[in-house]
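Below are some notes for a colleague who is reading this entry alongside its coordinates.

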Amino acid sequence: MSVTALSPDLVLTNATVLTADAGDSQAEAVAVWGGTIGAVGSARDIEALADGRTKKIDLKGRCVLPGLTDPHVHFADGGASMMHRIDCRDFYSNVRSIAQICEKIGEQARAQASGTWVVAHGSPMQDFRMPDGRFPNRHDLDAVAPDHPTVINFGAHITIANSRALEAAGINSMSSAPAGGAIEFDDDGAPTGKLVERAQYMVRNIMPTYSYEQMKAGVMFAAERCLARGITNIHDIVTNHESIRAYQELVAEERLPIRVSLLIRVIEAQIKKESLLNLGIKTGFGNDWLRIGGVKMSIDGGITGHVAKFYEPYVDDPCHEGLIRIEQDELDETVEAYHRAGHRVCIHAIGDVAMDMALHSLEKAITADPRADHRHRVEHLGNWLVNDERMDVIVRNGILPVPNIPFMHYIWDSLLACIGDERLEGSFNVRDMLDAGLQITSGSDGPAYWPLDSLRDLGTAVSRRTWTGKTVGADQAVSVREAIRMFTINAAYNAFEEKIKGSIETGKLADFAVLAENPYEVAPENIKDIPVDMTVVNGKVAFMRDGADGLDA
Ligand SMILES: [Zn+2]
């Protein structure tokens with residue numbers, strides 16, 4: 001705002017503005033100076049502020065929310081993967097069988113010089129949704145790409161490699177997996193091609209990686225899709241310097257379309273564990289576009305591939321209980337070091353063994369060096385198995401569980417098959433956690449798993465509907481009001497940014513999602529399908545939906 005500009009730069013009017021302020025008040029219009037909200041109120045009062053230089057947008061009764069946040073994504077990497085990997089994901093493409101996966105891979109191999117890498121990706125737990133009832137193996141891939149080292153990952157925890165890729169990685173019947181990983185062998189003792197968790201690095205370390213230019217393009221590609229769903233903030237889990245450089249350059253070029261909080265992985269990453277500690281950089285470093293939101297580490301694997309670590313074996317695989325990627329000692333030490341250095345720590349824990357390890361480490365560090373407002377997170381906690389005892393530890397230490405509503409939406413049936421209904425009793429217990437006073441939000445793990453779509457997740461928190469139309473745990477449903485808060489002000493709190501984001505109030509950043517319909521006025525199961533007509537970031541229209549009638553910005 002220039003000193004002479006007494007009139008607002010932008011006015012959005014004739015809307016239902018759901019402010020998500022402390023009283024969840026509603027307004028009709030909002031005025032913006034530069035990138036900041038300057039006034040919120042009735043259409044009449046706000047329009048009176050405007051003059052000839054003000055850009056005025058008549059929203060014709062549409063609904064305005066604060067820009068939405070997805071607080072757990074793998075964005076720069078995921079965006080680059082979406083641009084460069086062969087897409088065999090059933091949630092995105094119409095690939096529905098191993099034969100179709102192989103067809104796509106074979107086609108790509110024929111187009112590439114032999115000896116070059118063919119890299120594809122599928123969706124998590126796709127084995128459950130294909131008639132084959134399994135993942136492809138090395139032989140399937142060899143049949144279509146015998147002369148190319150070829151890999152396909154199904155989510156973050158499993159990679160299938162063909163014979164050429166195994167050979168290049170030096171994996172054979174004599175190989176043993178690194179601690180925290182596993183190589184699968186067939187009955188004859190030969191590798192099947194399936195590599196889980198840290199064993200994936202045996203091939204990843206020799207595969208081509210993305211340059212920072214490719215990461216930049218990946219961020220832009222994925223961000224465009226976010227804006228189309230009203231998402232203006234993400235918390236990206238980054239594992240390499242290329243992605244951090246990509247973000248920095250996009251900020252410097254004033255091209256970063258959304259605001260990013262970086263969760264920097266410090267174990268199983270290209271970034272050395274000591275790097276941030278040595279620099280003395282703390283959580284919060286950065287600006288309104290790009291900020292360090294904390295550090296991340298992963299104790300166990302995922303349900304896909306049966307590598308999340310449980311006390312009891314998997315229902316469909318009674319010989320396995322999962323695996324641990326970080327032992328308790330190393331976890332305690334790392335958590336304490338980062339806690340003492342003023343960082344927020346985010347720990348991935350999917351199985352109950354891993355949950356207890358995470359809670360133990362956090363409580364130990366917090367008790368040894370009490371710090372108010374640490375906002376330490378446990379990723380995926382809240383998906384299941386939050387019993388009274390664990391809830392006590394969470395509440396008394398002020399830990400923030402970050403559940404994943406899309407897991408319920410997309411893979412509920414395969415979760416049931418893997419861990420059984422007993423362990424899924426009271427799962428995705430958002431209702432209980434909100435009632436316990438926790439500021440709960442939900443992360444998607446997209447965009448490589450499934451699209452980022454906070455409105456889908458907001459609607460699912462209310463409707464408890466899966467994508468196949470089942471209703472799950474209706475007693476854990478939340479109200480529309482609570483669901484809106486989850487993806488706005490609660491998520492801002494989660495990033496230490498509740499003073500500048502997350503609600504439509506004077507002085508906050510002018511980031512808005514303009515919805516074609518009011519979530520209070522549509523059936524809960526239809527909230528996820530509400531079109532986003534316009535997205536505003538930093539006071540500028542960053543997205544406008546084609547065919548959004550009568551919007552001429
Ligand atoms: Zn994740």
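How far apart do the C-alpha centres of domain 1 and domain 2 lie?

1. The C-alpha centres of domain 1 and domain 2 lie 46 Å apart. The assignment gives domain 1 as 10-66 + 512-544 and domain 2 as 76-204, with bounds that come from an automatic or database domain assignment.

2. Please keep in mind that this is a predicted model, in which local features need pLDDT of at least 70 and side-chain atom pairs count only at pLDDT 80 or more, while totals for chains, interfaces and linings use all residues. Residues are numbered from 1 along each chain as its sequence is written, and side-chain values use heavy atoms, with hydrogens and water left out.

3. An open sheet of mixed pairing is formed by six strands in the order β3-β2-β7-β21-β22-β23. Because β3 (26-27) and β23 (540-544) stand at the edges with a single partner strand each, one side of each is left without a neighbour in the sheet. Within the sheet, β7 (residues 63-66) pairs with β21 (residues 512-515) in the antiparallel sense over four bridges, and Val 64 stands opposite Val 514 in β21. Strands here are DSSP runs (E, at least two residues), numbered from the N terminus, and two of them pair if DSSP finds at least two bridges between them.

4. The zinc ion has as its protein donors His 72 (NE2), His 74 (NE2) and Asp 445 (OD), lying 2.1 Å from it, and these follow the spacing H-x1-H-x370-D along the chain. Donors are N, O and S atoms within 2.8 Å of the metal (3.2 Å for Na, K and Ca), and since water is not among the atoms, sites may look incomplete. His 72 is buried, at a relative accessible area of 1%, whereas His 74 is partly exposed, at 23% (buried is under 20%, exposed over 50%, partly exposed in between, with a 1.4 Å probe and protein chains only).

5. Three cavities of 30 Å³ or more are present; a cavity is a set of points, on a 1 Å grid over the protein atoms alone, where a 1.4 Å probe fits but cannot get out, and lining residues have an atom within 4 Å of a point. A volume is the space filled by probe spheres set on the points, which are joined across faces, edges and corners. The largest cavity holds about 60 Å³, and its lining includes Ile 37, Pro 66, Thr 232, Lys 501 and Asp 511.

6. The second largest cavity holds about 50 Å³ and is lined by Leu 18, Thr 19, Ala 20, Asp 24, Arg 481, Ile 484 and Tyr 520.

Technical notes:
On a 1 Å grid over the protein atoms alone, a cavity is a set of points where a 1.4 Å probe fits but cannot get out, and a pocket is an open set with protein on both sides within 12 Å along at least five of seven lines; lining residues have an atom within 4 Å of a point.
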